[in-house]
Amino acid sequence: MGEEVTYDYSTYITNPRERLSCACGSAHCRGNIGPFRDLPRSLQAHYLALGVVGAFVAADAAAHDAAA
């Protein structure tokens, strides 16, 4: 109780040109929401561990990592 409810749209974005601007006002907000693979590795790992990443997004990130 008393926790902030949040949702990171990056967990369902693969297109590098797709960007969302956020003006929620949270001190923790990035302000610019883009593809999952652009998130810091630690945040990617956290979201993957929570199971909140779309399967197609996780597959895209894995393919991108394998190609790098």
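This is a predicted model: local features need pLDDT of at least 70, side-chain atom pairs count only at pLDDT 80 or more; totals for chains, interfaces and linings use all residues.
Local features are reported only at pLDDT of at least 70 and side-chain atom pairs only at pLDDT 80 or more, while totals for chains, interfaces and linings take in all residues. Residues are numbered from 1 along each chain as its sequence is written, and side-chain values rest on heavy atoms, with hydrogens and water left out.

To start with the overall layout, the protein chain has two helices and two strands. Here helices (H or I, at least four residues) and strands (E, at least two) are DSSP runs, numbered from the N terminus. Read from that end, the elements go β-β-α-α. The C-alpha trace spans about 40 × 25 × 15 Å along its principal axes. Of the 68 residues in the protein chain, 22% are buried; buried stands for under 20% relative accessible area, exposed for over 50%, and partly exposed for anything in between (1.4 Å probe, protein chains only). The chain exposes about 4900 Å², and carbon and sulfur atoms supply 56% of that area. Accessible areas come from the Shrake-Rupley method with a 1.4 Å probe, and for residues only the protein chains shown count as cover. As for contacts (heavy atoms within 4.5 Å), 39% of those between residues at least 6 apart in sequence join residues at least 24 apart.

Next comes the inside. In soluble globular proteins, nonpolar side chains tend to be buried together. The largest nonpolar core in this model has six residues: Phe36, Leu39, Tyr47, Val53, Val57 and Ala61. A nonpolar core is a set of buried Ala, Val, Leu, Ile, Met, Phe, Trp, Tyr and Cys residues joined through side-chain atoms within 4.5 Å. Phe36 sits in the loop between β2 and α1 and is buried because its relative accessible area is 1%. Setting aside neighbours within four places in sequence, Phe36 is in contact with Ser10, Thr11, Ile13, Gln44, Tyr47, Leu48, Val53, Val57 and Ala61. Phe36 and Tyr12 lie 24 residues apart in sequence, with 7.2 Å between their C-alpha atoms. Tyr47, another core member, touches Asp8, Thr11, Phe36, Leu39, Val52 and Val53, again not counting residues up to four places away in sequence.

Tyr7 belongs to the segment before β1 (20-21), and its relative accessibility of 46% is why Tyr7 counts as partly exposed.

The salt bridges come to four, each being a side-chain nitrogen of Lys or Arg within 4 Å of a carboxyl oxygen of Asp or Glu. One of them pairs Arg30 with Asp8, at 2.9 Å from N to O. This pair links distant parts of the chain, 22 residues apart: Arg30 is in the loop between β1 and β2 (32-33), and Asp8 is in the segment before β1. Arg30 is partly exposed at 38%, whereas Asp8 is buried at 13%. Another salt bridge joins Arg37 and Asp60, whose closest N and O atoms are 3.6 Å apart. Here too distant parts are linked, with Arg37 in the loop between β2 and α1 (41-50) and Asp60 in helix α2 (residues 55-67), 23 residues apart. Arg37 is partly exposed, at 24% relative accessibility, and Asp60 is partly exposed at 24%. Arg41 and Asp65 also meet through their side chains, at 2.8 Å from N to O. Arg41 lies in helix α1 and Asp65 in helix α2, so this bridge ties together parts that are 24 residues apart in sequence. Arg41 is exposed at 53%, while Asp65 is partly exposed at 33%.

That leaves the cysteines. A disulfide is a covalent bond between the sulfur atoms of two cysteines, and the cut-off used is a pair of cysteine sulfur atoms within 2.5 Å. By this rule the model has zero disulfides. For Cys22, which is in no disulfide, the nearest cysteine sulfur is that of Cys29, 3.6 Å away. Cys24 is likewise in no disulfide, and its nearest cysteine sulfur, that of Cys29, is 3.7 Å away. Cys22 is partly exposed at 34% relative accessible area, and Cys24 is exposed at 51%.
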